[in-house]
Amino acid sequence: MVIDEKLIKYLEDLSFIILSNEERGRICADLENIIAGMELLSKLDTSSIPKQDLSLNLKTDLRKDEVTPSFPRNEILKNAPKANAETFVVPKTVE
Amino acid sequence: MSLEMIIGIEVHAELNTKSKIFCTCSTAFGGEANSKVCPVCSGQPGSLPKLNEAVVECAVKLGLVLGCTINRNCKFDRKNYFYPDLPKAYQISQLYFPICTDGKLEIDINGSKKSIGIREIHIEEDAGKLIHAPSENGTYIDYNRAGVPLLEIVTNPDFRSAQEVVAFIERLRETMLYLEICDCKMQEGSLRADVNLSIREQGNELGTRTETKNMNSLRAISRAIEYERERQLEIINGNGKVVQQTRRWDEDKSKSFPMRSKENAQDYRYFPEPDLQPLEISEERLNEIRKNIPELAQEKRGRYMSEYGISSHAAGIICASKNMAGLFEELAQKSKEPVEAANLITGELMRLINNFNADMDTLTIDVDKLAFLIYLVVNGKINRGVYKDIVGEVFTNNVDPEKYIAEKGLLVVSDDDAIIAAVNEALSKNSAAVGDFAAGKEKAFTFLMGQAMKSLGGKGDPVSVKRVLLKVLNEKNSCE
Amino acid sequence: MFELNALELSQAIREKKLTVVEVVSAYLDAVKKIDEKINAFLCINAEYALSKAREIQKKLDAGEELSKLAGVPIAIKDNISTKGFKTTCASKILDGFEPIYDATVIEKLEAAGLIIIGKLNMDEFAMGGSSETGAFGAVRNPWDISRVAGGSSGGSAAAVAAGALPLSLGTDTGGSIRQPCAFCGVSGIKPTYGAISRYGLVAYASSLDQIGPIGRSIEECAALLEIISGEDNKDATCVMQKPFAFTERFKNKLNGIKIGLPTNYFEKGIDNGVKNAVLAAAKTFKEAGASVIEFNMPFTEYMVPSYYIIASAEASSNLSRYDGVKYGYRSKNAVTLNEVYRMSRNEGFGLEVKRRIMLGSFVLSSGYYDAYYKKASDARSLIKSAYEKLFEQFDMILSPVAPTTAYKLGENIDDPMKMYMGDIYTVSINLAGLPALSIPCGFDEQGLPVGLQLTGNAYSEATLINAAREYQSITDWHTKKPGDVI
């Protein structure tokens with residue numbers, strides 16, 4: 001399938017990435033190549049696979065409803081590029 | 001052409017589990033920003049979710065009560081989107097195999113019943129909160145709410161009016177309160193509803209729908225529906241086309257506004273959550289949960305009527321709150337006078353609750369004291385007026401009725417000498433009324449009775465006073 | 001001291017022939033010298049290591065048992081969360097990131113008395129097969145520093161191969177432990193999915209990632225695997241209750257072991273040097289008493305496509321959290337929230353990571369999900385059941401690890417498809433969640449190490465390790481060291 005500019009820009013939008021023109025050209029060509037290789041899969045007969053396939057078939061493991069102390073706030077905020085004493089800070093979100 | 005409005009809703013209910021859905025942080029409302037946060041609910045690199053079993057129990061309980069199929073194998077999926085309140089940039093939810101499907105809930109509109117289909121109930125996690133500082137050019141992020149468990153209840157497009165929607169949410173709210181799985185406080189956001197609304201020509205295919213969010217009361221929901229109905233009708237009548245979009249209700253402006261177009265063209269790229277195993281609910285576990293389902297409002301109402309012989313109206317008022325129902329049952333048992341107990345709750349107690357703006361769901365009152373008062377009034381030891389006063393004293397000051405009555409000397413006076421004296425005093429002071437009575441005016445008797453009671457300080461045993469008054473009046477008449 | 005393997009080293013420490021501080025200091029010096037040439041380390045914390053060394057020495061002096069690797073220095077791939085060391089995943093987007101918690105494997109290592117001295121270089125977010133895609137430079141192969149170390153756990157394999165450390169931890173999503181081990185001539189294990197906690201492993205592809213040990217010999221790896229394996233209440237996918245305990249179960253015999261040899265793996269696209277060495281190893285196993293049975297591996301053409309679809313899909317979601325809001329890099333040029341997101345991600349991620357995020361977004365996007373992601377998941381189920389059938393016939397499968405030996409730096413970096421095909425022998429094992437190990441089995445004509453891979457049924461680590469140990473008892477490939485580095 002052809003990976004055109006429109007699709008690449010759509011994928012950038014979904015991925016929250018803005019590529020430079022040079023990167024876009026490269027990745028466009030690479031994706032076209034890679035996806036061509038993946039199209040081989042359409043030949044595989046998968047009709048025998050049940051609709052609800054539980055891929056790794058492992059046992060469900062639940063947790064008891066118990067509270068333990070949370071992390072100190074300064075730890076949670078420690079790596080934030082921008083924060084005040086209580087919260088993370090980002091430029092104003094527009095509503 | 002005849003147009004009809006079609007509505008389906010999505011209700012988000014925050015579950016009142018102790019800990020969050022995937023980590024052991026507390027779900028308590030409020031508190032300092034980011035004080036209930038850990039690596040899991042703040043999306044630190046490498047952290048992993050571990051599902052809280054109480055969340056599964058809540059979902060199964062509600063599903064069973066709503067007559068849903070409980071899917072014994074269900075799975076979690078990731079819903080991917082970027083927003084600062086979503087720390088992992090994906091929400092763990094259930095798209096492909098939700099835990100409950102295909103249920104219904106009956107609503108009652110002015111006596112006629114209607115069944116609303118429940119398409120599915122799924123489990124998901126809540127997002128954090130954004131705080132917009134109006135003066136500054138920044139948004140602050142608080143993750144305390146991130147990871148609080150939610151149930152999303154999705155209905156079929158079965159509603160035809162705002163009234164039906166409100167009735168449904170009220171019934172659902174009552175059900176969840178009885179199950180004790182959600183606080184259902186719309187103002188605090190623990191119960192939220194999004195409305196999908198479209199207009200069609202009757203019998204035709206569904207029209208284009210819009211989704212309206214951000215209503216935080218039943219009244220707001222009702223108004224948002226009316227607003228959206230008018231808006232769409234105006235478009236259709238002007239031969240325009242309704243655009244599919246998500247709208248945000250602004251309570252202050254009483255209007256809804258379309259959200260940014262970005263949020264209207266979302267491609268969430270759902271896929272199975274690889275960090276959690278498929279959830280398997282054993283037959284054994286299912287039965288265990290089924291056994292733990294408490295009696296619900298509907299069942300209680302019926303039982304109160306048949307078992308205690310109270311009116312449907314009274315049963316309705318009492319069962320509107322699980323707390324009040326519990327209070328009633330205790331009082332009925334302790335006083336052995338269920339009808340009297342029902343009257344007390346629906347009458348005096350409700351009046352007090354309204355006057356003091358108290359919360360029915362959290363109200364506590366000493367039931368032993370109330371039962372004692374019922375005993376006194378039923379057995380003619382105190383009068384109705386005194387009874388009401390003391391109920392009020394118990395409600396506001398938690399007084400001890402026995403002491404209070406003794407101190408104030410409120411016991412009924414049934415001593416004939418005192419009554420005869422009071423009656424004579426009333427008659428001598430009101431000779432005109434005595435004459436009226438002789439002339440056959442019934443009202444005069446009631447007046448004289450009141451005067452006699454007044455001179456007894458309201459404590460006279462009404463039966464005795466009546467007997468003595470009649471006797472004295474009749475003697476008077478026959479003498480003349 | 002450098003002649004001792006990890007088990008001997010710990011024994012010497014526990015017998016008070018050496019102190020932990022002596023050992024750690026010596027290795028810190030070795031690392032400094034060696035790493036100038038191979039760039040295997042991203043972070044070294046000598047102060048932390050020495051203080052831990054003193055702490056462990058005290059415990060040993062007080063008579064605590066700890067483990068049979070107590071006091072041994074180790075380094076950790078940089079995608080595993082460590083409180084004492086920056087954790088960057090070799091990405092600019094996490095440059096300077098200081099984790100606020102330790103991964104479960106780190107807690108287990110420290111409880112067992114191992115001394116972490118640093119963090120190891122890798123491909124950015126473990127995406128790559130050459131350890132060239134990291135933001136902090138390529139890892140170089142100790143056997144020839146003009147060549148790649150393999151990847152993505154290139155730093156983990158190169159550091160051990162060069163003698164900078166007796167042991168390391170790597171991670172394996174599609175061959176990322178096994179292939180660099182083969183390229184660098186050391187041993188490594190990719191455990192069964194569900195045997196090791198992933199809590200604290202910075203996710204690339206959650207349904208495929210596993211942490212595993214790297215060492216010179218399989219016996220050292222096995223000892224480390226025992227320590228890091230077993231239940232963790234923080235990881236719902238870690239389902240093995242008790243840690244592995246191999247030693248008691250070693251039989252030291254290959255008699256009666258049935259080994260499957262997939263002949264179609266040797267037909268095309270494989271270097272002669274690799275083919276010859278692996279087939280010679282098959283002969284060795286046979287001579288030692290195993291029966292080697294040839295068969296054709298099914299679904300081979302679907303393995304790499306399925307793997308890249310599933311891995312990229314999960315990666316695109318897992319890497320969405322790096323957005324310049326909570327931690328990591330935020331673009332200096334960003335003004336609006338939208339710019340914070342998009343510019344930080346664009347400037348913070350390298351090309352290969354962006355390529356896979358875009359690919360993952362594509363295979364999950366509406367309209368393509370069924371044809372790509374769903375189809376790949378179905379293929380995964382078929383591959384898994386094919387393996388189940390094979391293990392009704394065989395105790396294990398013997399195969400090459402990679403079709404080539406270590407190539408020149410830069411040789412494949414511009415050809416992602418060629419790079420991806422290098423994973424042909426390893427990815428299906430992650431898709432099926434099975435255990436596999438990689439051990440040295442010879443050299444090609446250029447003197448570069450070749451590795452072989454043994455794959456077994458789920459939780460058959462003991463059987464695989466037993467066979468590998470027997471092989472290493474009759475061969476000496478794993479004892480060869482690159483001469484000119486140390």
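The notes below take these topics in turn.

## Basis

The model is predicted, so to speak of local features requires pLDDT of at least 70 and side-chain atom pairs count only at pLDDT 80 or more, while totals for chains, interfaces and linings use all residues. Residues are numbered from 1 along each chain as its sequence is written, and chains are lettered from A and ligands numbered from 1 in the order in which they are written.

## Packing of α2(B) and α3(B)

In chain B, helix α2 (residues 162-179) packs on helix α3 (residues 218-237) at about 155°, the axes being 9 Å apart. Helices here are DSSP runs of H or I with at least four residues; axes are fitted to C-alpha atoms over the stretch in contact, with angles from 0 to 180 degrees between N-to-C directions. The pair is therefore roughly antiparallel (over 145 degrees).

From α2(B), B:A162, B:V165, B:V166 and B:I169 meet B:L218, B:I221, B:S222, B:I225 and B:E226 of α3(B); contact means C-beta atoms, placed from the backbone, within 7 Å. These residues comprise 7 nonpolar, 1 polar and 1 charged (nonpolar: Ala, Val, Leu, Ile, Met, Phe, Trp, Tyr, Cys, Pro; charged: Asp, Glu, Lys, Arg; polar: the others, Gly among them).

## Helix α8(B)

Helix α8 (residues 322-335) of chain B has 14 residues. Its buried residues (20 or more other C-beta atoms within 10 Å of their own) include B:L327, B:F328 and B:L331. Their cover includes α2, α6 (297-308) and α9 (338-355) of chain B. After α8(B) comes B:K336, with a positive phi near 60°.

## Chains B and C

The contact takes 25 residues from chain B and 32 from chain C. The chain B side has 13 nonpolar, 6 polar and 6 charged residues.

Conventions:
Helix = DSSP H or I, 4+ residues; strand = E, 2+ residues; numbered from the N terminus. Parallel < 35°, antiparallel > 145°, perpendicular 65-115°, else oblique. Contact = placed C-beta atoms within 7 Å. Expected span 1.5 Å × (residues − 1). Buried ≥ 20, exposed ≤ 12 C-beta atoms within 10 Å, placed from the backbone.
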